[in-house]
Amino acid sequence: MFKKILIANRGEIALRVIRTCREMGIKTVAVYSTADRDSLHVKFADEAVCIGKPQSAESYLNIAHLMAAAEITNADAVHPGYGFLAENPKFAQICNDHGIKFIGPTPDMINSMGDKITAKETMIKAGVPVVPGGEGLLQSVDEAKSLAKNMGYPVIIKATAGGGGKGMRIVWEDTEMEKAYDTAKLEAAASFKNDGIYMEKYVEEPRHIEIQIAGDQYGTICHLSERDCSIQRRHQKLVEESPSPFMTDELRYKMGEAAKKAAGAINYESVGTVEFLVDKDRNFYFMEMNTRIQVEHCVTEEVINFDLIKEQIKIAMGDRISGADYIPMNHAIECRINAEDPYNDFRPSPGRITSLNQPGGHGVRVDSHVYAGYVIPPYYDSMIGKLITIAQTRQEAIQTMYRALSEYVIEGVKTTIPFHLQLMQDERFRSGDFNTKFLDRFELK
Ligand code: MV4
């Protein structure tokens with residue numbers, strides 16, 4: 001049993017972890033940069049340690065500072081949240097080497113999913129469907145061209161060290177290949193210090209549907225149903241929901257089994273997510289696996305009535321899971337409320353929140369670390385909070401969302417609320433007829 005957990009993160013996820021720890025009777029240590037002195041996670045934790053300057057590299061990404069904070073407070077475990085060091089195998093290794101349990105998978109598991117070609121090969125061996133493509137790294141433009149001719153254009157070039165959309169190039173015809181190959185390789189080298197690239201058939205207008213899974217230290221794995229994350233803009237998710245409006249019982253069964261196979265192939269321990277692309281004919285393909293808790297975990301929590309952070313902590317303590325899968329019992333939608341100007345290319349809008357009214361009432365959950373007078377620092381992501389609504393049907397969850405968004409008052413910074421208000425009234429969104437290209441054609445009025 002953990003007595004004290006250090007949370008190596010900030011913002012709403014730090015608060016989210018503190019809340020569950022309180023309920024479990026576990027003490028908490030917050031860490032903070034000098035820019036986050038007045039943050040709620042600092043006030044809500046039992047102890048707080050300043051770990052450095054505002055820049056992430058000097059604080060939330062600084063492993064030496066975090067380990068010092070864990071040692072002086074006698075923490076017996078570290079929760080990494082999402083982002084920052086959550087998928088850094090070196091950090092997980094150093095925690096474990098110091099006798100501090102990293103609440104997440106082992107460094108080996110993080111590594112095996114971090115390199116996309118390795119992950120894909122593991123999935124093929126395990127019998128999980130992957131997008132058709134070349135085997136291994138591309139060695140030359142000529143190889144890229146002949147491969148693309150064989151499988152037929154369009155194709156997509158991806159960085160093996162990439163993920164989340166960075167360094168991808170779609171290629172529609174032979175004449176574009178040379179430039180795409182070169183820029184993808186340069187971009188991969190610059191972004192990831194690894195210029196390895198590979199090719200896949202490009203799946204047009206896919207949905208992004210991911211399966212939440214959990215695995216314990218004894219090899220039991222279950223799935224906790226899907227989230228539809230197709231409403232994205234430049235690879236930034238804006239809205240997530242569960243169940244997916246595109247889901248059928250048969251598809252959920254098949255994707256659930258595939259996700260469990262994927263996790264089982266690496267003996268996965270902790271909670272995690274298997275991301276799939278789903279085409280219009282409901283063919284699905286493994287994309288990547290996230291070895292962390294995700295921003296959008298709340299919609300799953302609400303549709304299956306289950307605390308995923310509690311489960312993650314219990315698994316790390318060595319508890320067993322039952323192995324039963326979970327099916328959504330109602331509908332949940334999450335809107336990300338960011339300090340961004342949707343009328344100006346979603347440009348970040350940090351600054352002081354001069355006035356605040358958060359929504360409430362039946363079917364509404366707000367996960368947020370802000371308060372009236374809080375200053376959103378410019379150094380980190382611009383999320384103010386997550387607004388989640390829960391209802392028996394999708395239509396009702398949308399209606400509740402519209403109502404809750406109308407109650408939300410945030411003054412002093414620009415927010416994504418006007419975008420979400422229009423989306424909730426959009427006929428195509430309301431009918432569930434959308435894919436990852438939806439926001440490319442969405443015009444804010
Ligand atoms: C694809 C694809 C189409 N075909 N792969 C984007 C994030 C990264 N994880 C992989 N991504 C994609 N891979 C093939 N073979 C389209 C995307 C993609 C996408 C995927 C999910 C959500 C939004 C997206 C937006 C653009 C492209």
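Select Lys 158 and the ligand: a nitrogen atom of the ligand is 2.9 Å from an N or O atom in the side chain of Lys 158, a polar contact being a pair of N or O atoms within 3.5 Å (within protein, one must be able to donate a hydrogen and the other to accept it, and residues adjacent in sequence count only if both atoms are side-chain atoms). The model is predicted: local features need pLDDT of at least 70 and side-chain atom pairs count only at pLDDT 80 or more, whereas totals for chains, interfaces and linings use all residues. Residues are numbered from 1 along each chain as its sequence is written, and side-chain values use heavy atoms, with hydrogens and water left out.

A polar backbone atom of Lys 201 is 2.8 Å from a nitrogen atom of the ligand, and for a polar backbone atom of Val 203 the distance to a ligand nitrogen is 2.9 Å. The ligand taken alone exposes 530 Å², of which the protein buries 93% (accessible areas by the Shrake-Rupley method with a 1.4 Å probe; for residues, only the protein chains shown count as cover).

Next, show the 17 residues around the ligand, of which Lys 158, Glu 200, Lys 201, Val 203 and Glu 288 come nearest; a residue is near if one of its heavy atoms lies within 4 Å. At least two residues of this shell come from each of β6, β8 and β13 (284-290). Helices (H or I, at least four residues) and strands (E, at least two) are DSSP runs, numbered from the N terminus.

Now display residues 155-159, strand β6. An open antiparallel sheet of three strands runs in the order β7-β6-β8, and strands pair if DSSP finds at least two bridges between them. Because β7 (169-171) and β8 (197-201) stand at the edges with a single partner strand each, one side of each has no neighbour in the sheet. Strand β6 pairs with β7 over three bridges; Ile 157 stands opposite Arg 169 in β7. Helix α8 (residues 177-192) packs on the sheet, touching β6, β7 and β8, where contact means heavy atoms within 4.5 Å.

Finally, visit two loops. Select Ser 242 and Pro 243 for another cis peptide bond, with omega about -5°; Pro 243 is found in the loop between β11 (236-242) and α9 (249-265).

Key: Axes fitted to C-alpha atoms, helices over the stretch in contact; angles between N-to-C directions.
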